[in-house]
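Subject: Structure handover

Hello,

Here is the structure for your files. My notes on it follow below.

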Amino acid sequence: MSKYFIPVLFLIIFFYSLIKKVKPYDAFTQGAKSAIPFAVSVFPYLVSIFVITELFEVSGISNAVSNFLSPFFRILGIPKELTKLVLIKPFSGNGALAILTEIYSTYGVDSYLARCASVIYGSSETVFYIAAVYFAGAKTKKLAVPIIISLVASFFSCVFACFICLIM
Amino acid sequence: MNAIFGLVLITSTAILIFVNPDAALAAMLSGGEKALSLTLKMVVIYAVWLGVFELLSRSGLSNKIAKGLKPMNKLLFGQLPDKANDYMSLNISANILGMSGATTPMGIKSIQELEKHPNTEYAITMFFVLNATSIQLIPSSVMALRTSMNSSSPADIILPTVLATLLSTVIGVILVKLFVKKRG
């Protein structure tokens with residue numbers, strides 16, 4: 001069903017533009033043109049985020065922080081096997097995906113840990129990455145408040161995920 | 001951002017000097033490579049979506065979507081400039097429909113547009129938090145992965161995921177309402 005969604009939506013848009021006598025080639029080209037400046041403005045921020053994520057991982061800080069925090073996470077109901085996933089997800093979608101796959105193959109794809117990890121992965125966003133991209137073209141550099149609020153909200157949903165997977 | 005960046009940069013480089021000095025530059029370069037390949041992927045996605053969006057806006061369809069979402073936007077963000085309301089409406093619809101490629105360009109434009117006006121810090125924060133805790137209706141990539149690893153019921157995570165995302169969005173909205181002042 002969902003595979004029809006985007007083509008049907010596009011068809012409606014194309015058809016409506018035709019009725020409204022929009023010049024489709026001119027309009028589409030004009031829109032596509034602005035993709036390059038977008039990508040150029042986003043690139044340096046992405047480099048910074050990815051460099052820092054990579055250093056965080058390779059230096060072993062990521063493991064150390066995760067070992068340090070896991071007792072606190074456990075009090076809130078987050079199993080120690082999932083601490084690293086919770087910590088990596090705000091930085092890197094690919095990193096989190098690698099951990100998720102590892103959890104699947106280590107503990108079984110239908111185990112509590114795997115289901116819990118799936119919900120954590122699926123319900124949270126890569127907050128730092130979104131911040132870098134969304135504010136790439138912005139003058140304001142006051143990102144602390146929006147980032148902290150998003151992280152706190154995502155953390156609550158991780159705690160909730162571990163709880164709800166116990167009963168569902 | 002500067003504080004976190006500086007802290008990780010210094011501590012991780014310092015550790016690597018003792019543990020594995022070769023890895024320091026290699027890690028940074030590999031980060032840069034990942035950023036480049038992602039940027040290249042994004043240029044293509046942006047180009048297609050921005051092309052479609054241009055059709056949307058020239059045909060006047062995006063105006064209609066924006067008008068439809070205006071009451072909800074007013075409730076969440078307060079009074080919005082018209083153009084910002086247009087972009088934000090497209091971003092929010094794309095988010096709800098799970099079209100992740102389409103959300104980003106409209107998100108960047110929304111924030112740029114909001115910035116042109118005074119007293120929009122509240123709206124910018126709320127808008128960012130909504131995107132960073134966004135509601136995903138069907139976690140299709142997770143389900144695909146579980147199916148490929150022979151899960152007996154790959155779909156049983158849908159409801160918990162929707163509930164968890166919904167909760168994070170609600171908490172995010174409440175926190176913004178509590179901690180960010182609405183007017184300058």
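A contact here means heavy atoms within 4.5 Å. The model is predicted: local features need pLDDT of at least 70, side-chain atom pairs count only at pLDDT 80 or more, and totals for chains, interfaces and linings use all residues. Residues are numbered from 1 along each chain as its sequence is written, chains are lettered from A and ligands numbered from 1 in the order in which they are written, and side-chain values use heavy atoms, with hydrogens and water left out.

Chain A

Among contacts in chain A between residues at least 6 apart in sequence, 64% join residues at least 24 apart. Chain A has 9 helices and 0 strands. Helices (H or I, at least four residues) and strands (E, at least two) are DSSP runs, numbered from the N terminus. The radius of gyration of chain A is 21 Å, well over the 15 Å that the globule rule gives for 168 residues, so chain A is more spread out than a compact globule. That radius is taken over C-alpha atoms, and the globule rule is 2.2 Å times the number of residues to the power 0.38. Along the principal axes, the C-alpha atoms of chain A fill a box of roughly 60 × 40 × 30 Å. Of its 168 residues, 49% count as buried. Buried means under 20% relative accessible area, exposed over 50%, and partly exposed in between (1.4 Å probe, protein chains only).

Chain B

Chain B has 8 helices and 0 strands. Its radius of gyration is 20 Å, well over the 16 Å that the globule rule gives for 184 residues, so chain B too is more spread out than a compact globule. The C-alpha trace of chain B spans about 60 × 50 × 35 Å along its principal axes. Buried residues make up 50% of the 184 residues. For contacts in chain B between residues at least 6 apart in sequence, 59% join residues at least 24 apart.

L90(B) sits in helix α4 (residues 82-96). It counts as buried, at 8% relative accessibility. Leaving out residues up to four places away in sequence, L90(B) touches F53(B), L56(B), S62(B), I65(B) and M106(B).

E113(B) lies in helix α5 of chain B. It is buried too, with a relative accessible area of 9%. With residues up to four places away again not counted, E113(B) touches K83(B), A84(B) and Y87(B).

The interface

The contact takes 84 residues from chain B and 77 residues from chain A. The buried area between the chains is about 7100 Å², and carbon and sulfur atoms give 79% of that. Buried area is the accessible area (1.4 Å probe) that two parts lose on being put together, summed over both. M1(B), L55(B) and F128(B) supply 10% of the area that chain B buries against chain A, more than any other three residues.

The rule finds 4 salt bridges across the interface. A salt bridge is a side-chain nitrogen of Lys or Arg within 4 Å of a carboxyl oxygen of Asp or Glu. One joins E121(B) to K142(A), with the closest N and O atoms 3.7 Å apart. On the side of chain B that touches chain A, α2(B) gives the most, with 25 residues.

Best wishes
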